[in-house]
Amino acid sequence: MPSLTGLRFAAAGGVVYTHCALLLNPHLARTLGPEVWVGASSVSLFFILSGYVLTHSARPTDTARSFWRRRAAKILPNHVLTWGVVVTALAFADTAATTSGSGIVAHLSSLFLVNTWVPSQRFLSAGNPVSWSLAAEMFFYLVFPVLLPWIKRLSRRGLLIGAVSAIALVWVWPLFCALVLNPEGHFFPGYWFLYMLPVTRLPEFVLGMIVARISAAGIRLPRIGVLPAAFGVISAIIVNASLLPHTFLYAASTVGSLAVLVHATAELDLRGRASLLRTAPLVFLGEISYAMYLVHLPVLGLMYLGLTHRGWSALAAILAALPVILLLSWLVYAGVERPCMRRFSSPRARRRGRPRLAAAP
């Protein structure tokens, strides 16, 4: 579905935009303006997209083992590469967070994508910091073979009820956090519980699965175009940032409008309609978006520190980093991600016994 591939670039671009905005204005980390929630909503879009695409492309004869193999071939090579680069750089810098015993354990937990299950800032920021979302994705992949048959059995009415329930559950988490887990309103552990704990992000993935089944079942929904849906997402970010407590902005405030956006974008491909997202440049950018997501923060950080130390302005350093990010993203995609998917996504054909050549007399 090429339009959804193009939408992936928009999601990755939203994360890059937020990190650039935080470098330009570090006070955003404290004031939590709309620029911060663009990145948070983009991560939520990734989770919903993941549920939709995996459900849409599920093979009837697939097994859990083959599904997990394909997902590992897609996710792990880029992750291991960028993890190794970041940890090596930190080790050369001789930071205590890397060389201490607890630091080593934290980085290893990041390598195996289990670090976000630990409510500790050292674990959450270990390795390549943006890889925390991969820990959530790996959890989604683990439960996907169990969830898919159940969702496929839902009736049309059950699918609609399921979609509403998933959205409602995303709204319940902030209430639970405010009333039970974090009644005093401290930033942590609410940040961990609402944003990084994989199980609390599962409803967004399930919502994507349900939206895919709604499309496959031909359920007629009010027609909303991609542009109105995107405008709804942007409006929700801007308006809700000033109206709602920040705990509702990690996912709840935009989850419904993001689901509408994914459905509207998918309809472009399912109905063969014209789509800017389906053009070759945006599809290409969508294909390298996963690599871009993983490489952008280390590149931004290194070039920002190096160039501003030499007298460059923050804006000039960021503008110089953007083409480097795109180039490295393409190199990682073409040199690591795509070859590894071709090599490891399916088991190599077993070599059948060949008749041996008769020994020469």
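**A residue and the spaces of the fold**

Biologist: To which residue is the side chain of S44 joined by a polar contact of 2.6 Å?

Modeller: The side chain of S44 takes part in a polar contact of 2.6 Å (a pair of N or O atoms within 3.5 Å, one able to donate a hydrogen and the other to accept it; residues adjacent in sequence count only if both atoms are side-chain atoms). This is a predicted model, where local features need pLDDT of at least 70 and side-chain atom pairs pLDDT 80 or more, while totals for chains, interfaces and linings use all residues. Residues are numbered from 1 along each chain as its sequence is written, and side-chain values use heavy atoms, without hydrogens and water. The partner of S44 in this contact is E204.

Biologist: Is E204 buried or exposed?

Modeller: E204 belongs to helix α11 (helices are DSSP runs of H or I, at least four residues, numbered from the N terminus). Its side chain also makes a polar contact of 2.6 Å with the side chain of R201. The relative accessibility of E204 is 1%, and because buried means under 20%, E204 is classed as buried.

Biologist: How many charged residues are in the lining of the second largest cavity?

Modeller: The second largest cavity has a volume of about 30 Å³. Its lining consists of W37, S41, I237, A241, L249, S253 and T254, and α3, α12 (226–243) and α13 (252–270) each supply at least two residues. By class there are four nonpolar and three polar residues (Asp, Glu, Lys and Arg count as charged), and the number of charged residues is none.

Biologist: Which element gives the most residues to the lining of the largest pocket?

Modeller: The largest pocket (an open set of points with protein on both sides within 12 Å along at least five of seven lines) has a volume of about 1200 Å³. Of its 42 lining residues, V53, L54, R71, K74 and Y141 are the closest to its centre. Among the elements that give two or more residues are α1 (2–24), α3 (34–56), α4 (64–93) and α8 (132–152). With nine residues, the element that gives the most is α8.

Biologist: How many nonpolar residues are in the lining of the second largest pocket?

Modeller: The second largest pocket has a volume of about 780 Å³. It is lined by 25 residues, and those closest to its centre are H19, L22, W132, Y191 and Y195. Helix α3 gives the most to this lining, with five residues. Five lining residues are polar and no residue is charged, while the number of nonpolar residues is 20.

Definitions and conventions
1 Å grid on protein atoms, 1.4 Å probe; cavity = no way out; pocket = protein on both sides within 12 Å on 5 of 7 lines; lining within 4 Å. Points joined across faces, edges and corners; volume = space filled by probe spheres on them. Buried < 20%, exposed > 50% of the residue type's maximum accessible area, 1.4 Å probe, protein only.
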